[in-house]
Amino acid sequence: MKIFGLAIALLCILEGLLPLLAPGQWREVFRKLLGFSDGQLRFIGLASILAGILIWFLFQ
């Protein structure tokens with residue numbers, strides 16, 4: 001359970017970097033995402049999950 005907590009903490013840190021360092025670009029990314037179709041957003045989500053699984057297995 002400790003590793004899961006550390007993973008969530010790292011995720012929060014990484015997710016917070018872009019709005020901290022470049023809020024204008026972060027806002028623009030979300031404006032563009034609003035124009036994506038549901039299928040495109042699902043593909044991005046799937047690609048992110050698969051990349052996370054691959055990274056997980058590479059670092060075990």
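The legends below describe close-up views of a predicted model.

**View 1. The salt bridge between Glu 28 and Arg 31 in helix α2**. A search of the whole structure returns one salt bridge. Its partners are Glu 28 and Arg 31, whose closest N and O atoms are 3.3 Å apart. Both residues belong to helix α2, which covers residues 23-34.

**View 2. The largest pocket and its lining**. This pocket holds about 380 Å³ of space. Ser 48, Ile 49, Ala 51, Gly 52, Ile 53, Ile 55, Trp 56, Phe 59 and Gln 60 line the largest pocket. By class, the lining of the largest pocket comprises six nonpolar residues and three polar ones, with no charged residue.

**View 3. The second largest pocket and its lining**. About 180 Å³ of space is found in the second largest pocket. Its lining consists of Ala 7, Ile 8, Leu 10, Leu 11, Leu 14 and Glu 15. Five of these lining residues are nonpolar and one is charged, while none is polar.

Note on methods: Residues are numbered from 1 along each chain as its sequence is written. This is a predicted model: local features need pLDDT of at least 70, side-chain atom pairs count only at pLDDT 80 or more; totals for chains, interfaces and linings use all residues. Side-chain values use heavy atoms; hydrogens and water are left out. A salt bridge is a side-chain nitrogen of Lys or Arg within 4 Å of a carboxyl oxygen of Asp or Glu. Helices (H or I, at least four residues) and strands (E, at least two) are DSSP runs, numbered from the N terminus. On a 1 Å grid over the protein atoms alone, a cavity is a set of points where a 1.4 Å probe fits but cannot get out, and a pocket is an open set with protein on both sides within 12 Å along at least five of seven lines; lining residues have an atom within 4 Å of a point. Grid points are joined across faces, edges and corners, and a volume is the space filled by probe spheres set on the points. Ala, Val, Leu, Ile, Met, Phe, Trp, Tyr, Cys and Pro count as nonpolar, Asp, Glu, Lys and Arg as charged, and the others, Gly among them, as polar.
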